[in-house]
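Please keep the sequence and the model in view while reading.

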Amino acid sequence: MGAAVVVTALLLTVTACGSEDGASATAAETPAAKHSLSGPAQKATGSLAGLAVLPRGYVADPRANVTGPFTATGFLNTWSADPALDRALLLNASFVEGYRASRLSPDKKKRFTLQLFKTGSASKAVALQKGFWNQDAHEHPFNLPGALSDARVEFDGGTSQSTAVAEVSLAVGPMVVEISVREVGPIGSNLTPDTALVTALAKDQRARFTATSS
């Protein structure tokens, strides 16, 4: 019991404040990919803010507490679906700091979310990446070498809504990158997961981290 308290205390004191060139060039030629190329980093504090790749043309999300650096405690209290499991994953990964950004498409129909996690090493980043990814069912991967990916349409009969989701997870050095684009509409609407956008953003994010570490 005493050991568990010590481990939890250690985690709670952690402070915090994204592929291949040929494929990337092909994606950049499509209209969706051109639209996704990132502009300058948005205002924020924390050392990871300047490394975040954001979709050009997307606007600030009006919801509170959706952009900025986060600590382990902040992530567990605000965004974690399974705090007990995620606490152990972050502790085992020697989590250092995190950053989250949320943006809306110009027509306000799509929500982009980026999460960055800095860990203690490349191997720990891979373990954290898989630990997060394996918490949900991902049965429809798309072609993005060197990354975990999924594209699906979820139906909610209770709200008569469906959600198109395209998401990617990368491990680049000690960094874990999670990118998702979601679009909500009435059941029966012809929603399509925006895999072109997340693919281009993932390649841009990987390139930015690679350039920074070289």
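In which strand is S169 found? S169 belongs to strand β6 (residues 161-172); strands (E, at least two residues) and helices (H or I, at least four) are DSSP runs numbered from the N terminus. The model is predicted: local features need pLDDT of at least 70, side-chain atom pairs count only at pLDDT 80 or more, and totals for chains, interfaces and linings use all residues. Residues are numbered from 1 along each chain as its sequence is written, and side-chain values use heavy atoms, with hydrogens and water left out.

S169 counts as buried because its relative accessibility is 0%, buried meaning under 20% relative accessible area (1.4 Å probe, protein chains only). Apart from neighbours within four places in sequence, S169 is in contact with Q129, W133, A147, L148, V176, V177 and E178; contact means heavy atoms within 4.5 Å. The C-alpha atoms of S169 and I179, ten residues apart along the chain, lie 6.4 Å from each other.

Consider next a pair of helices. The axes of α5 (residues 83-92) and α6 (residues 122-133) come within 9 Å and cross at roughly 170 degrees, where axes are lines fitted to C-alpha atoms over the stretch in contact and angles run from 0 to 180 degrees between N-to-C directions. That makes α5 roughly antiparallel to α6, a description applied to angles over 145 degrees. On the α5 side, D86, L89, L90 and N92 meet K124, L128, G131 and F132 of α6.

Finally, helix α7 (residues 195-213) has 19 residues. Its buried residues include L197, L201 and F209.

Terms used. Angles under 35 degrees count as roughly parallel, over 145 as roughly antiparallel, 65 to 115 as roughly perpendicular and the rest as oblique. The expected span of a helix is 1.5 Å times one less than its number of residues. Buried means under 20% relative accessible area, exposed over 50%, partly exposed in between (1.4 Å probe, protein chains only).
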